[in-house]
Amino acid sequence: MKKKLLSLLLTGTMVAAMLAGCGGSGNDSAATNAPADTGAESTDNTAASADNAAASTDNAAAGGDETLTVWCWDPAFNLNAMYEAEKVYQKDHPNFKLNVVETPWEDIQTKITTAATSNDLSTLPDILLMQDNAFQKNVISFPSAFLDITGSGVDYSSFAAGKTAYSVVGGKNYGVPFDNGAVVGCYRTDMLEQAGLTVADFTDITWDQYIENGKKVLEATGKPLISMQAGECDLIMMMMQSAGSSLFNEDGTANIVNNDTLKIVMETYKALKDSGVLVEVNSWDEYVGSFVSGDVAGTINGCWIMASIQTAADQSGKWAITNMPSLVGASGATNYSNNGGSSWAVTANCKNTDLAFDFLKSTFAGSTELYDNILPSGALATWAPAGDSDAYGIPNEFFGGDAVSAKIVEFSTKVPSNITGVYYYEARDAVATAITNYISGSDIATELNTAESTVNFNMGK
């Protein structure tokens, strides 16, 4: 999420370049979604504001006011989206008000844990934003803190299934999907041309084809095709989800040792690195710098990475996007995945659940106008109808005049679901270590056994 934060800070630049003519402004990371972990205010001040916000919600409910308190982070992205949603909802509900409290994600997580473990949910707001990869963990760990909103009237069939799945526990919906983290392959078309290739040569391909194309680019330009941060697991997780594979089974047990897709992913990653098509760097700044400076010919990440790409204004018109490669030999392999993003949750402390449900149903799950209004800030929808609006069809000159917003929404509808569970981040870390050791020459079976044992230890098994 550190990555999302960096990109989010760069989103203002993204907006001007990416969505010219649509309005403008700029996310778990360059990650828009990529892409959201920011906190301009101090933790103490945020805590005080959040406590006051909860108190004001009690008073509002007592007086019959149509007021909801919301916690979320990043003023330019998430808070802006909520303010725009308020405006849309007020057209039919003039007395409606939002009390939006800027709260860094780390603080939201801490406050959820504190409230649930102390059995005092009164400190929570009506609605809060939660990172997708932490959603199942929180609902499973603190089931009394969140409301089942399956029957809220939200039409979940209008959202990308892979996105919705992040906030589903026990077959019930606990969240309303928000920002889009669909994976895109981004390429410098001028560098591809030197190798006799176009972006079409990277569309609907396999990783084997990707490596062969990458070798051509490396030979023609002397530049690797892609970079990744050493010791991180982002690309591994994107590859796995593209085939609908997870590090956990539905019953919550670890799915590492006998995970055939994970083995294919690890072998593919090693082949990318051994071929020279992929180069590893030491930090997130070096990763972003590698493609912004032209040291590599492209990148694959959540669509929020486009914010960072567009900081290189002199490269406008020299980039194009398409889908990601698919795994060879993996059951259920597709060219689509997700990395990053967040969803809205209604807490058990909500004083007016009917109002909260209707607000979310009418805005984030029902308003093309809202998504048109927040598109300039880089907030791409996973609500499929938004992709059909005129705003999403506006050509993006930076990316060769392509209507990239509509394309990304289409990608998101094809992303397979995966299981995150309670120990997702621990499992990611264990697998990242396994891959590092495997690349250095260790046996893959040994590393997978060690990774699963580490996860089981963390789970107390």
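1. Helix H10 (residues 234-242) and helix H17 (residues 424-439) have axes that cross at roughly 110° and come within 10 Å. H10 and H17 are therefore roughly perpendicular to each other (angles of 65 to 115 degrees count as such). Axes are lines fitted to C-alpha atoms, for helices over the stretch in contact, with angles from 0 to 180 degrees between N-to-C directions. Helices (H or I, at least four residues) and strands (E, at least two) are DSSP runs, numbered from the N terminus.

2. H10 contributes Asp 234, Ile 236 and Met 237 to this contact, and H17 contributes Tyr 424, Arg 428, Val 431 and Ile 435; contact means heavy atoms within 4.5 Å. Five of these residues are nonpolar, none is polar and two are charged.

3. The model is predicted: local features need pLDDT of at least 70, side-chain atom pairs count only at pLDDT 80 or more, and totals for chains, interfaces and linings use all residues. Residues are numbered from 1 along each chain as its sequence is written, and side-chain values use heavy atoms, leaving out hydrogens and water.

4. Five strands form an open sheet of mixed pairing in the order E2-E1-E3-E12-E6; two strands pair if DSSP finds at least two bridges between them. Strands E2 (96-102) and E6 (175-177) are at the edges with a single partner strand each, so one side of each lacks a neighbour in the sheet.

5. E6 runs antiparallel to strand E12 (residues 342-346), joined by three bridges. Within E12, Ser 343 stands opposite Pro 177. Helix H6 (residues 132-141) packs on the sheet and touches E3 (127-131), E6 and E12, its direction making about 115° with that of E3.

Note on methods. Parallel < 35°, antiparallel > 145°, perpendicular 65-115°, else oblique. Nonpolar A, V, L, I, M, F, W, Y, C, P; charged D, E, K, R; others polar.
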